[in-house]
Amino acid sequence: MKENSPMVCAHTHLEASLDRWHECHWHLHQMEANYHLPDAFRYALNAFIRAIADVPELLTKNLEKHESVRRAIKPKLKELKATLLFSVLTVRRNFIVHQGMLAVQSKGAVYTMEGSKVKLSFPFRVETWESSDDAYERYKDVCRNDKLWRGLGPDCDSSPAIVRTWLIPQIPDRDLLEVAFEAWSLVGKLLSEAVIALEGEPLDLTMQCRHMPELVRIKRYNQREFFLSVDGIDLDEEERKWKEEKARRVATTGGTE
């Protein structure tokens, strides 16, 4: 007898594990949307870690009545649990559930940007507990009081940005948003194998709705506001004066300028 009747969608047999995996997808977008807000990002990260660590157990339960599929998936399940990434997340999940807050670290920098290109970058401390907006206000205050810092900052052709990276000590060299996306993909591959074993179509793991992590990490700020706040210069007013002066010179020289 086949594991899956042609009249029954393979997803029906994996409803709980697939639902939890889709929940992880939602938490990922919450992490993206709140990347520059420390509490909201951490809450979304905690929820993601709890949910992603639940999926293998739910999958095992879903396959209790499908012995041949369970045996076929077992090596893949062991392979997933043996990965450094998933083992770290599982340990973190147990810590969150039984002890409380997840310790995260924040690394920051300031970018001076021309269009979409980075003209200049230099490290700038962004505290774990502060939003990127708060860090930006500190940066502006530093520029007001330090000519060297101001000299490294935006000019009339560039604008400022704060860049931050969220980390945990157990995976010190990788941004947590990228870590989470990789975990979602690894679990999705396992679920897709199970769906295929139940004679269903492979899952779509492309996540086309995902934003580019390097762009999520950057928060750009208004050039005019920076100059007005730091230097007391209104760029719009300066541009208006420049145009008026240019028009005056053209009129004076008979249009030869």
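Predicted model: local features only at pLDDT ≥ 70, side-chain atom pairs only at ≥ 80, totals over all residues.
Q: Thanks! How far apart are the closest N and O atoms of Asp54 and Arg20?

A: They are 2.8 Å apart, and the two residues form a salt bridge. Asp54 sits in helix H3 and Arg20 in helix H2 (residues 15-33), so this pair links distant parts of the chain, 34 residues apart.

Q: Is Asp54 buried or exposed?

A: Asp54 is buried, as its relative accessible area is 17%. The cut-off for buried is under 20%.

Q: How many salt bridges does the count come to?

A: The count is 18 salt bridges. As a bit of background, side chains of opposite charge can pair when their charged atoms come close.

Q: Which residue does Glu127 form a salt bridge with?

A: Glu127 pairs with Arg125, and their closest N and O atoms are 2.4 Å apart. Glu127 counts as partly exposed because its relative accessibility is 22%. Arg125, at 54% relative accessibility, counts as exposed.

Q: And what about Arg224, which residue is on the other end of its salt bridge?

A: That would be Asp234, with the closest N and O atoms 2.9 Å apart.

Q: Since Asp234 came up, how far is Val88 from Asp234 in space?

A: C-alpha to C-alpha, Val88 and Asp234 are 50 Å apart, and in sequence they are 146 residues apart. Val88 is found in helix H5 (residues 84-98), where Val88 is buried, with a relative accessible area of 10%.

Q: Changing topic to pockets: what volume does the largest pocket have?

A: The largest pocket has a volume of about 170 Å³. Its lining consists of Lys76, Glu79, Leu80, Thr83, Leu186, Lys189, Leu190 and Glu193. The elements giving two or more residues to that lining are H4 and helix H8 (176-197).

Q: Which element gives the most to the lining of the largest pocket?

A: H8 does, with 4 residues.

Q: Now polar contacts. What does the side chain of Ser106 reach at 3.0 Å?

A: The Ser106 side chain reaches the backbone oxygen of Val126 at that distance. A polar contact of 3.0 Å also joins the side chains of Ser106 and Arg164.

Q: Where is Ser106, and is it buried or exposed?

A: Ser106 is in strand E1 (residues 105-114). At 18% relative accessibility, Ser106 counts as buried.

Q: I also spotted His66. Which residue's side chain is joined to the side chain of His66 by a polar contact?

A: His13, through a polar contact of 3.3 Å. His66 is in the loop between helix H3 (38-62) and helix H4 (67-82). His66 is buried, with 9% relative accessible area.

Q: Last topic, backbone angles. What phi does Glu199 have?

A: Glu199 has a positive phi of about 70 degrees, although it is not a glycine. Glu199 is in the loop between H8 and helix H9 (213-216). Most residues other than glycine have a negative phi.

Q: And what phi does Met207 have?

A: Met207 has a positive phi of about 45 degrees, and Met207 is not a glycine either. Met207 lies in the loop between H8 and H9. At 8% relative accessibility, Met207 counts as buried.

Key
Residues numbered from 1 in each chain as written. Heavy atoms only, no water. Buried < 20%, exposed > 50% of the residue type's maximum accessible area, 1.4 Å probe, protein only. Polar contact = N/O pair within 3.5 Å; in protein donor to acceptor, adjacent residues only side chain to side chain. 1 Å grid on protein atoms, 1.4 Å probe; cavity = no way out; pocket = protein on both sides within 12 Å on 5 of 7 lines; lining within 4 Å. Points joined across faces, edges and corners; volume = space filled by probe spheres on them. Salt bridge = Lys/Arg side-chain N within 4 Å of Asp/Glu carboxyl O.
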